[in-house]
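Let's take a friendly walk through a protein chain together. Have a look at the structure below, and then we will start with a single residue.

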Amino acid sequence: MRKILYFIGLGTIILSCAPQKNVKTSSYRPKATTVQPKTVTKTPTSEKAKPQVTNDRGVEFFTTNIADAAKNDNTISYGSIVSAKPAGYKVVKTYFPAIAQNFRQRYLILHYTALPDDKSITVLTQQAVSAHYLVNNTGDNEIYQLVDENKRSYHAGVSSWRTDKNLNDTSIGIEIVNSGYTADSIGKRIFVPFSDAQIKKVAALAKDIITRYQIPATNVLAHSDIAPTRKQDPGPLFPWKRLYDEYQIGMWYDQETKQSYHDLAMMDFAAKYNESSFIFNVQTQLQKFGYGVELSGKWDDATKKTIEAFQYHFRPQNYDGIMDAETWAILQALLQKYPVK
Ligand SMILES: [Zn+2]
């Protein structure tokens, strides 16, 4: 039985690649030293205490932040320190840690497995796909960790958001057990709801990850957002608005802003709908928001799927892949609220 399960795939091709990422340069500058009379005794605050590396059964840990996180200087760590052990030499922590560093974990990507519990575990642990965490649908209080947060898991595949590509390199992936969708008689995808227990688990897990790595709202995304032509998960029944309202997780638009853009769009939307300049503008705005869509000036299949992915996330009541006035207004409201820096 177990052997049979090994061969049940997710139907996904995951490409593993690890391009070199640009290292953010630090804006840290040493503070100018204040000249003080020699008779003045130094207070404990006049010298920054060097945080200690702790040692537990031979494994070193460093969990203190001495840098200014607001400047993207961050020296905190949530795992053990991995060090080289070169033969004949000693690696020392005399000058550890350097200020100029940040987390590799910059995105949180959510998925559904399209498989039941047992098969989800088998596929994600025994085959060529994985995720850092798996949220089951058994109603217990367990969340399965499958991959170390410091390592890449193979969940995103060919993917992009804004200027970033191959998001396995920079993301934490959460898979949620859910059977996905079935197609009805006219080919419309009918999705399966998530249980309330699962959503609460996902929210608690996501909140913890986002807080520790300071992942911005713009980088909390669906698999369908970063691979819109290939993926639908976690689909339109994943409650992004609830996560935003109840847990302050991810992005959501302001209703009033959306309404004003909607009123504006209604004035001439139908007239210009098939003009290539308008289609080009739609593609440009989708691309500006983050989607990896080509600027073809045509309502092509990739553009339709990208609009569908946007609707799964932000207008789940109707995910027909057509850029209507409401979808357009939501996109404008989001661009205003989350401008590209
Ligand atoms: Zn996925």
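Let's begin with K298, which sits in the loop between α7 (276-289) and α8. This is a predicted model, so keep in mind that you are looking at a prediction.

How many other C-beta atoms lie within 10 Å of K298? There are 14. A residue counts as buried with 20 or more such atoms and as exposed with 12 or fewer, so K298 is partly exposed.

## Who K298 meets

Setting aside the neighbours within four places in sequence, K298 is in contact with S276 and I279. Look for E275 as well: 23 residues separate E275 from K298 in sequence, and their C-alpha atoms are 8.7 Å apart in space.

## Two helices that cross

Two packed helices are described by the angle between their axes and the distance between the axes.

Which residues make the contact? From α8 they are I307, F310, Q311 and F314, and from α9 they are T327, I330, L331 and L334. Sorted by type, the residues of this contact between α8 and α9 are 6 nonpolar and 2 polar, with no charged ones.

## The whole chain

The chain has 9 helices and 11 strands, and 32% of its 341 residues count as buried. Among contacts in the chain with a separation of 6 or more, 63% are between residues 24 or more positions apart.

Technical notes: Residues numbered from 1 in each chain as written. Predicted model: local features only at pLDDT ≥ 70, side-chain atom pairs only at ≥ 80, totals over all residues. Contact = placed C-beta atoms within 7 Å. Helix = DSSP H or I, 4+ residues; strand = E, 2+ residues; numbered from the N terminus. Nonpolar A, V, L, I, M, F, W, Y, C, P; charged D, E, K, R; others polar.
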